[in-house]
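Please work through the following exercises with the sequence and the model in view. Each task is followed by a solution in steps.

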Amino acid sequence: MTASPPPTTAEELRGAGLRVTAARVALLETVRHGDHLDVEAVASGVRARVGHISLQAVYDALHALTSAGLIRRIEPAGSPARFEGRVGDNHHHVMCRSCGVVADVDCAVGEAPCLTASDDHGFSIDEAEVIYWGLCPTCTAAPSS
């Protein structure tokens, strides 16, 4: 028995109840092939694929795809929002204080212990968003000025 092929980007958009447009397909593919992109980088990637698109149209599409759960928005303190294609799991991020590079970090080993708060104040917790901060290897190795 052979596995069925993965859905196309257009099929994923339709499956999420979204209208399929060239801009949305290009945006979803740009985010998925990028690495924690900010809005300007997403817009540049979409323009490289489909030509002109307004920044407002990029913001609108990012909002629609985030709301549909096809992409994830992260908002590190003091930095512009970033977008990623890794969704559906409880992973976290590590961010360089110097250059701003972001990398994924899987949740601590086990049954998602990061979802067990010391005091949940009555909340039913289903997600934890953690950002670790430090210096990336490149910035750590760079000579101080």
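## Exercises on side-chain contacts

Arg-49 has a relative accessible area of 42% and is therefore partly exposed. The model examined here is a predicted one.

**Exercise 1.** Determine which residue meets Arg-49 in a salt bridge, and which helices hold the pair.

*Solution.* Step 1: the side chain of Arg-49 forms a salt bridge with that of Glu-29, at 3.2 Å from N to O. Step 2: Arg-49 belongs to helix α3 and Glu-29 to helix α2, so the pair ties together parts that are 20 residues apart in sequence. Step 3: Glu-29 has a relative accessible area of 24% and is partly exposed.

**Exercise 2.** Decide whether His-36 is buried or exposed, and identify its polar side-chain partners.

*Solution.* Step 1: His-36 lies in the loop between α2 (22-33) and α3 (39-50). Step 2: buried means under 20% relative accessible area; His-36 has 6% and therefore counts as buried. Step 3: the side chain of His-36 makes a polar contact of 3.0 Å with the side chain of Glu-84 and another of 2.7 Å with the side chain of Asp-104.

Definitions and conventions: Residues are numbered from 1 along each chain as its sequence is written. This is a predicted model: local features need pLDDT of at least 70, side-chain atom pairs count only at pLDDT 80 or more; totals for chains, interfaces and linings use all residues. Side-chain values use heavy atoms; hydrogens and water are left out. Helices (H or I, at least four residues) and strands (E, at least two) are DSSP runs, numbered from the N terminus. Buried means under 20% relative accessible area, exposed over 50%, partly exposed in between (1.4 Å probe, protein chains only). A polar contact is a pair of N or O atoms within 3.5 Å; within protein, one must be able to donate a hydrogen and the other to accept it, and residues adjacent in sequence count only if both atoms are side-chain atoms. A salt bridge is a side-chain nitrogen of Lys or Arg within 4 Å of a carboxyl oxygen of Asp or Glu.
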